[in-house]
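My notes follow the display.

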Amino acid sequence: MKKIITFGTFDVFHIGHVNILERAATYGDYLIVGVSSDNLNFKKKGRNPIYNQRERCKIINSLKFVNEVFIEESLELKKEYIVKYNADVLIMGDDWEGRFDWVKDVCDVVYLPRTPSISTTEIIEVVRSIR
């Protein structure tokens, strides 16, 4: 069985999230998704997520092509998560291009193109501007 792993915040779930997870699933037989903890999201983006980690995990776990979900506590633990879950391939969006090549000694790394013209940050900004 070929295991795929990917990571993300997945806040304000949108079609771009569906697209990248669906494409990631085609690279193997079993898709594992690390969802950024609330604390990690704050460290990365300087704000709390709209949906808490429990809610975001529930959303991701409800997708038919996702087999397993866990909380990602730290970006620096990527390699440990890959080894723990025995993943064969790490899939990330191409906005992270080259930034996870350092794990290539434990798995293959593939960067997939993001869905154009959509991002959680942009959605949040649009919603804030119409209030």
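Here is what I looked up, in order.

**Ground rules.** I am working from a predicted model, where local features need pLDDT of at least 70, side-chain atom pairs count only at pLDDT 80 or more, and totals for chains, interfaces and linings use all residues. Residues are numbered from 1 along each chain as its sequence is written, and side-chain values use heavy atoms, leaving out hydrogens and water.

**Fold.** I found five helices and five strands. I took these as DSSP runs, numbered from the N terminus: helices are H or I with at least four residues, strands are E with at least two. The order along the sequence is β-α-β-α-α-β-α-β-β-α.

**Burial.** I noted 44% of the 131 residues as buried. Buried means under 20% relative accessible area, exposed over 50%, partly exposed in between (1.4 Å probe, protein chains only).

**N41.** I located N41 in helix α2 (residues 38–45). N41 is buried, at 0% relative accessible area.

**Salt bridges.** I counted six, each a side-chain nitrogen of Lys or Arg within 4 Å of a carboxyl oxygen of Asp or Glu.

- R56 pairs with D38, with closest N and O atoms 2.6 Å apart. R56 is in helix α3 (residues 53–61) and D38 in helix α2, so the bridge ties parts 18 residues apart in sequence. R56 is buried at 0%; D38 is partly exposed at 23%.
- E72 pairs with K78 at 2.4 Å between the closest N and O atoms. Both E72 and K78 are buried.
- K79 pairs with D105 at 3.0 Å, N to O. K79 sits in helix α4 (residues 78–84) and D105 in the loop between β4 (89–93) and β5 (108–112), 26 residues apart. K79 is partly exposed at 23%, while D105 is exposed at 59%.
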